[in-house]
Amino acid sequence: MKSYTEKIKEISKGLLEEGKVDMVIGYRKGSVPLMHQPFFAQNQQEIDEFVWDSNCGLNLANYVTDRQEKIGILATGCNSRNIATHIVEGKIKREQLYIIGIPCKGMLDRHKLAAMADGPITTVEEDEEKGTVTISGDGFSETVDKTEALQQNCSICVHRNPVIYDELVADEVKEQTRDEVDPYAGVKEIEAMSPEEKWAHFDDLLSACIRCYACRNACPLCYCPLCFVDESKPQWVGKSIDPTDVRTFHFLRAYHCAGRCTDCGACVRACPVGINVRDFTKKLEKDCFELYGWEAGMSTEQRPPLDTYKPDDPEEFIK
Amino acid sequence: MKNLLEHMGIEPERLHFSWISSAESTKFVDVATKVTEAVKSLENKEKKFVKTKPKVA
Ligand code: SF4
Ligand code: SF4
């Protein structure tokens with residue numbers, strides 16, 4: 001993605017030079033492979049550190065919450081939808097932002113690649129022409145098709161192009177349609193299970209959770225100054241890794257994201273033990289789409305369905 | 001909310017939502033009876049979302 005990186009640098013330098021923004025939020029090379037860091041560049045030298053490739057999967061909307069400066073920010077499809085959600089929720093003003101739109105082809109699944117590797121991965125190389133990714137480390141090297149190494153949320157994504165932007169770094173990419181990919185295949189698999197199987201599925205899913213809250217911290221929606229899990233007066237939920245406490249945390253966190261989650265996958269990417277937290281949020285995303293025809297962050301005008309009331313809201317569940 | 005709870009494996013028989021005004025005493029009795037019957041009818045008596053003893057200190 002050399003061409004993207006160069007273009008991003010060029011636009012960012014221009015913005016700083018003309019004084020249109022105080023900083024540009026992008027990514028620089030991370031301290032571990034497959035994880036580029038969000039980076040606030042405030043001068044030309046810092047801009048030179050910017051990179052763009054398939055390891056930029058953390059969501060930058062997370063970093064503009066309540067900021068006062070004028071900010072340039074990179075935005076893929078999902079990131080732009082989270083920025084739109086921030087604008088709707090009053091967490092940033094549209095006028096403060098210069099959005100550099102990035103037509104996106106998906107991010108690499110670091111958990112999947114780590115599982116494929118025969119040891120710690122030290123380098124990752126992408127061949128754009130061939131569409132392959134090579135991971136290597138001490139005594140091993142493996143090449144796979146990028147399509148097979150994508151994060152699951154990216155492989156089923158139907159909004160790859162940014163929905164709001166001031167300028168694009170490249171031509172829009174072709175969108176996948178809901179006929180080509182079924183965004184809800186994973187949810188349907190769980191839906192088809194019996195209550196016992198579902199219960200066991202989530203028990204198993206969460207068994208490795210260490211309650212580190214990386215998923216919450218990576219999520220742009222989780223911006224409350226004091227999260228319900230951290231409160232102690234009153235204490236809403238137990239703080240241990242007892243399965244009931246863990247499940248309560250995940251269930252409630254997911255519910256706070258209902259109608260707001262863009263399925264960006266930052267939570268899953270951030271999780272140190274590779275838990276697919278999206279098993280919770282994707283169900284809510286599906287329900288919002290089916291019950292309210294709603295997809296989060298598609299406009300800066302409309303408020304999410306759970307904080308509005310319409311006389312024709314579905315209410316079959318109330319007896 | 002109901003959907004996500006069911007999605008996680010809570011039986012539909014355990015989940016009931018009702019709107020009952022304070023003047024609707026008969027409706028309240030009716031609903032309470034139906035709820036208890038539905039829950040009792042479940043084969044799986046395992047308690048869910050109930051913490052018995054902490055497994056970790
Ligand atoms: S819950 Fe996860 S997928 Fe949804 S917006 Fe937050 S970080 Fe992204
Ligand atoms: S990031 Fe992973 S381990 Fe940490 S709290 Fe979230 S699910 Fe649990």
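Let me start with strand β3 of chain A, residues 71-75, which is mostly covered, with 5 of its 5 residues buried. Buried here means under 20% relative accessible area, with a 1.4 Å probe and protein chains only. Strands are DSSP runs of E with at least two residues, helices are runs of H or I with at least four, and both are numbered from the N terminus.

A word on the source: this is a predicted model, in which local features need pLDDT of at least 70 and side-chain atom pairs count only at pLDDT 80 or more, while totals for chains, interfaces and linings use all residues. Residues are numbered from 1 along each chain as its sequence is written, chains are lettered from A and ligands numbered from 1 in the order in which they are written, and side-chain values use heavy atoms, leaving out hydrogens and water.

Back to the strand. In a regular strand the side chains alternate between the two faces of the sheet. On one side of β3(A) sit A:I71, A:I73 and A:A75, on the other A:G72 and A:L74, and all are buried.

Now its neighbours. Two strands pair if DSSP finds at least two bridges between them. β1(A), residues 23-32, runs parallel to β3(A) over 3 bridges, and A:V24 has A:G72 as its bridge partner. β4(A), residues 97-101, is also parallel to β3(A), joined by 5 bridges; there A:I99 stands opposite A:I73.

Last, ligand 2. It is surrounded by 13 residues, the closest being A:C209, A:C212, A:Y213, A:C215 and A:C271; the cut-off is a heavy atom within 4 Å. Helices α9 (214-218) and α10 (243-256) of chain A each supply at least two residues of that shell.

How values were computed:
Buried means under 20% relative accessible area, exposed over 50%, partly exposed in between (1.4 Å probe, protein chains only).
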